[in-house]
Amino acid sequence: MNLIFLGPPGAGKGTIAAKAKDVFNIPHISTGDLFRANIKNETELGKQVKEILAAGNLVPDEITIKMVENRLAEDDAKNGYILDGFPRTIAQADALAKMSNVDYVVNFCIDRDVILKRLSGRRVCKSTGRTYHILYNPPKVEGIDDETGEPLIQRDDDKEEAILNRLEVYEKSTAPLIDYYREKDLLVDIDVSGAPDEIMENLKKILK
């Protein structure tokens, strides 16, 4: 089964993909992970991405597309995949259509208020990267990491202004994909405001 997960930041695509990959026995392919793996393995594409990101620029479509194409050619993706973070644009969607048939595009539907609550409540331990949430997964002592005793921080991109900016960028660039895939009759909407296990059960029903 070839799946695309579409949805705004904070919709929980990564959390659900981590569960879905085991249920459907297909790899979860995230563009962020692909960039990191190519940079770490010092591939030709990885070297280009490293320079682009170091300069603070966005990775061009052709490099992202080539990385995804290489990844989909690997053995573990022969029986299907979950794409998360790709495609982000109509150009990327057109390129994907040339390399693979998509079975379903799962559109993660969630209110902006819920996203704000989810993302702005995140707190991180700087040295270990362990994450907490002030409402859903609080530390034992407010503002303090359970294991190291360090003060927890709120990352700049988890502050309300940054979140609203990320949502605006998403809506401008990625939301047109919703119409693109709806017209192709590939889009399925799923409400992701509930608990991960509940969302996963709904997803299994939808994809049956």
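Is Ile82 buried or exposed? In this predicted model, Ile82 is buried, with a relative accessible area of 0%. Ile82 belongs to strand E3, which covers residues 81–84. Leu177 stands 95 residues from Ile82 in sequence, and the two C-alpha atoms are 16 Å apart in space.

Beyond strand E3, the chain runs through a loop to H5, and Pro87 lies in that loop. The peptide bond that leads from Phe86 into Pro87 is cis, its omega being near -5°. Helix H5 spans residues 90–99 and contains Ala91. Ala91 has a relative accessible area of 44%, so this residue is partly exposed. From Ala91 to Lys40 the separation is 51 residues in sequence and 27 Å between C-alpha atoms.

Glu42 is not a glycine, yet its phi is positive, at about 50°. Glu42 sits in the loop that joins helix H2 (31–40) to H3, and with 57% relative accessibility it counts as exposed. Asp185, also not a glycine, has a positive phi near 60°. The loop holding Asp185 runs between helix H8 (175–183) and strand E7 (187–191). Asp185 counts as exposed because its relative accessibility is 71%, above the 50% cut-off.

Charged side chains come next. Side chains of opposite charge can pair when their charged atoms come close. How many salt bridges does a search of the whole structure find? The search gives 17. One of them joins Lys21 to Asp22, with 3.6 Å between the closest N and O atoms. Lys21 is partly exposed at 32% relative accessible area, while Asp22 counts as exposed at 57% relative accessibility.

A further salt bridge links Glu44 with Lys47, where the closest N and O atoms are 4.0 Å apart. Both residues are in helix H3 (residues 44–54), and their spacing of three residues is about one turn of the helix. Glu44 counts as exposed, at 56% relative accessibility; Lys47 is partly exposed, with a relative accessible area of 43%.

Arg71 and Glu74 also form a salt bridge, and their closest N and O atoms are 3.4 Å apart. Glu74 counts as partly exposed at 42% relative accessibility. Arg71 counts as buried, because its relative accessibility of 14% is under the 20% cut-off. Elsewhere, salt bridges with shared partners connect Arg122, Arg155, Asp157 and Asp158 in one network.

Arg118 is part of helix H6.

Helix H6 (residues 112–120) also includes Asp113. With 60% relative accessibility, Asp113 counts as exposed. On the surface, Asp113 gathers with Asp111, Asp191 and Glu198 in a patch of negative charge.

Which residues form it? They are Ile134, Leu135 and Tyr136, which together have about 330 Å² of accessible area. Ile134 lies in the loop between E6 and H7 and is partly exposed, with a relative accessible area of 47%. Ile144 has its place in the loop between strand E6 (131–133) and helix H7 (160–173). Ile144 is partly exposed, at a relative accessible area of 28%. Ile144 and Ile134 are 10 residues apart in sequence, and their C-alpha atoms are 11 Å apart in space.

Note on methods. Residues numbered from 1 in each chain as written. Predicted model: local features only at pLDDT ≥ 70, side-chain atom pairs only at ≥ 80, totals over all residues. Heavy atoms only, no water. Patch = residues over 30% accessible without salt bridge, like charges linked within 9 Å, V, L, I, M, F, W, Y side chains within 5 Å. Areas by Shrake-Rupley, 256 points an atom, 1.4 Å probe, with all protein chains shown as cover. Salt bridge = Lys/Arg side-chain N within 4 Å of Asp/Glu carboxyl O. Lys, Arg positive; Asp, Glu negative; His and termini not counted. Charge placed at Lys NZ, Arg CZ, Asp CG, Glu CD. Helix = DSSP H or I, 4+ residues; strand = E, 2+ residues; numbered from the N terminus. Buried < 20%, exposed > 50% of the residue type's maximum accessible area, 1.4 Å probe, protein only.
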